[in-house]
Amino acid sequence: MARTTATAPARTARTGAARTARSRAAALLAVGVSLAVAACGSPATTTPDPVVETERPVIAPAKAPVPAPEVPPTWPLTGVAGAPDARPALAVKIENTAVARPQSGLEQADVVWETVVEFEVSRLIAVYHSQVPDEVGPIRSVRPMDPLVLAPTAGMLVYSGGQPGILDLVADSGLQTVSHDAGAPGLYRVRGRSAPHNVYGSPATWWGIAEPGRTAPAEQFAFARRPEQAAAVAAGTPATRLAFRLSGQSNPSWTWDEGTGTWLRYEGSAPANAATGAQLSAVNVVAVTAPHPNSPFGAQGGAPVPTYELVGEGDAVVATGGRSVAVRWRKDAADQPLRLFHADGSEARLAPGNTWVELVPAGTGSFTVS
């Protein structure tokens, strides 16, 4: 059988077609590879980085502010808890000679200062604020030390008479003066006592004429909140009797009375009683030793009128709760209160209650604690 042999043009055509097919396949393969590579690098298909959670700080819940401790108000001249009245301190000059006793109203004073005046007799400055006596007396004249004692209270001073120069000192002290000689209300003479030992008066009336702006005094001494925290009780030594020799004519003493928790006052060996019959007493007795020079003023017959130097510092003793402790007193200026300090500089605190201050003349006066 005869074999048919293709001609050259036909072979050429078949060879070109095969090459074209191979070229297309290669091109398609290249396109596929390109797409695959592109797909692998596409952002749309990139696996996101794992989220790393940072530790959040722990925030403590806001704390409510701690309220300040509620401190009950106290009367400024005694440290006794209560709602202090806005009235000013009221000081009254009280006589303390034998013919003047028993006095009225002393048992209701917040503070009593005992001073030595001319002829070596003692005179009292009774300061009222927390209590209102019906009557006080007998009332006598002013002395040079009165403004030094009372100016820090910025209150009122009641008296009967005084020398012109001493009256000037009182006027310059800033105190409101209530003078019997000037005709102030609330002062009168009583029957049963001879002049000049018969001038008495009414504190309620005097407070009624207080000048505008006269208000409650600042604290004059530092007070403990409780009796057991008082300076003498906490740091002192046992004491049962305080014996004073303020002058040749004045020898008061105090005896500790456990039953009442107070010091009981004696004039010499006799109980010192108020007009009500009650023995005078004090929660705190403070002995202040200070210079006692003569002032420029004279009394009857040319007798010198002494005063006290109270701006400065000196020795003192505080007696409270059947115990006593040595301290230092300091007064920075005439219008600043006399304060008490321990040796380490901390303030010596009194127990809540009334206080008697015995001003002991340095060099001539003395006292013993037993």
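Author: Leaving aside residues up to four places away in sequence, Ser179 touches Tyr159, Ala184 and Leu187. Contact here means heavy atoms within 4.5 Å. The model is predicted, so local features need pLDDT of at least 70 and side-chain atom pairs count only at pLDDT 80 or more, while totals for chains, interfaces and linings use all residues. Numbering runs from 1 along each chain as its sequence is written, and side-chain values use heavy atoms, with hydrogens and water left out.

Ser179 sits in strand S5 (residues 176–179). Helices (H or I, at least four residues) and strands (E, at least two) are DSSP runs numbered from the N terminus. Ser179 counts as buried because its relative accessibility is 8%. The cut-offs are under 20% relative accessible area for buried, over 50% for exposed, and partly exposed in between (1.4 Å probe, protein chains only). The side chain of Ser179 also reaches the backbone nitrogen of Asp181, at 3.3 Å.

Now the wider chain. It has 5 helices and 21 strands. Of its 370 residues, 44% are buried. Take contacts between residues at least 6 apart in sequence: 62% of these join residues at least 24 apart. Gly248 lies in the loop between strand S9 (241–245) and strand S10 (252–257). With a relative accessible area of 39%, Gly248 is partly exposed.

Next, the charged pairs. The whole structure holds 15 salt bridges, each a side-chain nitrogen of Lys or Arg within 4 Å of a carboxyl oxygen of Asp or Glu. One of them joins Lys93 and Asp146, with the closest N and O atoms 2.9 Å apart. Lys93 belongs to strand S1 (residues 90–95) and Asp146 to helix H2, so this pair ties together parts 53 residues apart in sequence. Both partners, Lys93 and Asp146, are buried.

Arg265 pairs with Glu267, and here the closest N and O atoms are 2.7 Å apart. Arg265 is buried, at a relative accessible area of 1%. Glu267 is buried as well, at 16%. Arg339 bridges to Glu347, again with closest N and O atoms 2.7 Å apart. Arg339 is buried at 19%, whereas Glu347 is partly exposed at 25%. Shared partners link Arg101, Glu114, Arg265, Glu267 and Glu358 into one salt-bridge network.

On a 1 Å grid over the protein atoms alone, a cavity is a set of points where a 1.4 Å probe fits but cannot get out; a pocket is an open set with protein on both sides within 12 Å along at least five of seven lines; lining residues have an atom within 4 Å of a point. Points are joined across faces, edges and corners, and a volume is the space filled by probe spheres set on them.

There are 4 cavities of 30 Å³ or more. By class, the largest cavity is lined by 7 nonpolar, 2 polar and no charged residues. Ala, Val, Leu, Ile, Met, Phe, Trp, Tyr, Cys and Pro count as nonpolar, Asp, Glu, Lys and Arg as charged, and the others, Gly among them, as polar.

The second largest cavity holds about 60 Å³. Its lining includes Trp113, Val149, Gln220 and Lys331. This lining has 7 nonpolar, 2 polar and 1 charged residues.

Of its 25 lining residues, Glu118, Arg140, Ser141, Arg143 and Gln300 are the closest to its centre. The lining of the largest pocket splits into 10 nonpolar, 8 polar and 7 charged. The second largest pocket has a volume of about 230 Å³. Val116, Glu120, Ser247, His292 and Thr364 are the closest to its centre among 16 lining residues. By class, the second largest pocket has 8 nonpolar, 5 polar and 3 charged lining residues.

Terms used. A polar contact is a pair of N or O atoms within 3.5 Å; within protein, one must be able to donate a hydrogen and the other to accept it, and residues adjacent in sequence count only if both atoms are side-chain atoms.
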